[in-house]
Amino acid sequence: QVQLRESGGGLVQAGGSLRLSCVASGRAVSKYVMAWFRQTPGKEREFVAAVDQRAGEYYGDSVKGRFTVSRDNNKNTAYLQMNALTPADTAVYYCAANDIVVTTTFYDYWGQGTQVGVTS
């Protein structure tokens, strides 16, 4: 079992930045793909980014060039650096873990989410 906990959400003005963290406990995060998804009310959960076990990076089209995903296996933590934020990025952001990279929501483990709000 893996437990995931996100932090770092908050309210920021358009053009600003936030860094989300996802701390894993229970098993070494190095074994897993670590991914980020986001969701707004009434919409499906959307793939944002993922970092695989070899630190390969994957991004959704809407965040390419603005967001950077990374991991620190020594700290059992994954990160999502979000720059040039726009109101369209407002959502609850979820961390997820899995054995392989997929851009659907078929991940084995999920955190509880952290709210990100971007004002215009």
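Is asparagine 76 buried or exposed? Asparagine 76 is buried, with a relative accessible area of 18%. The views below show this residue and other details of a predicted model.

**View 1. Asparagine 76 sits in a loop between two strands.** The loop runs between strand S7 (67-72) and strand S8 (77-82). Asparagine 76 has a phi near 55°, a positive value in a residue other than glycine. Most residues other than glycine have a negative phi. Asparagine 76 counts as buried because its relative accessible area is 18%, and the cut-off for buried is under 20%.

**View 2. Alanine 55 also has a positive phi.** The angle is about 70°, although alanine 55 is not a glycine. Look for alanine 55 in the loop between strand S5 (46-51) and strand S6 (57-59). Alanine 55 is partly exposed, with a relative accessible area of 45%.

**View 3. Threonine 77 is a buried residue of strand S8.** Its relative accessibility is 5%. The side chain of threonine 77 reaches back to the backbone oxygen of lysine 75, at 2.7 Å. Threonine 77 also touches residues beyond four places away in sequence. These are Ser21, Cys22, Val23, Val29, Arg71 and Asp72.

**View 4. Cysteine 22 and cysteine 95 form a disulfide.** A disulfide is a covalent bond between the sulfur atoms of two cysteines. Here the two sulfur atoms are 2.0 Å apart. The count for the model comes to 1 disulfide. The torsion about the S-S bond is about -80°, so the disulfide is left-handed. Cysteine 22 lies in strand S3 (residues 18-25) and cysteine 95 in strand S9 (residues 91-98), so the pair ties together parts that are 73 residues apart in sequence. Cysteine 22 is buried, at 0% relative accessibility. Cysteine 95 is buried too, with a relative accessible area of 0%.

**View 5. Strand S3 pairs with strand S1 and with strand S8.** Strand S1 (residues 3-7) and S3 run antiparallel, joined by 5 bridges. Glutamate 6 stands opposite cysteine 22 in S3. S3 and S8 are also antiparallel, and they pair over 6 bridges. Arginine 19 stands opposite glutamine 81 in S8. In a regular strand the side chains alternate between the two faces of the sheet.

**View 6. The largest nonpolar core has 28 residues.** Those with the most contacts inside this core are Leu4, Met34, Trp36, Leu80, Met82 and Tyr93. Several strands give two or more residues to the core: S3, strand S4 (33-39), S5, S7, S8, S9 and strand S11 (114-119). In soluble globular proteins, nonpolar side chains tend to be buried together. There is also a second, separate core of 7 residues. Among its members are Phe37, Phe47, Ala50 and Tyr107.

View 7. Tyr93 is one of the residues with the most contacts inside the largest nonpolar core.

Terms used: Residues are numbered from 1 along each chain as its sequence is written. This is a predicted model: local features need pLDDT of at least 70, side-chain atom pairs count only at pLDDT 80 or more; totals for chains, interfaces and linings use all residues. Side-chain values use heavy atoms; hydrogens and water are left out. Helices (H or I, at least four residues) and strands (E, at least two) are DSSP runs, numbered from the N terminus. Buried means under 20% relative accessible area, exposed over 50%, partly exposed in between (1.4 Å probe, protein chains only). A disulfide is a pair of cysteine sulfur atoms within 2.5 Å. A nonpolar core is a set of buried Ala, Val, Leu, Ile, Met, Phe, Trp, Tyr and Cys residues joined through side-chain atoms within 4.5 Å. A polar contact is a pair of N or O atoms within 3.5 Å; within protein, one must be able to donate a hydrogen and the other to accept it, and residues adjacent in sequence count only if both atoms are side-chain atoms. Contact means heavy atoms within 4.5 Å. Two strands pair if DSSP finds at least two bridges between them.
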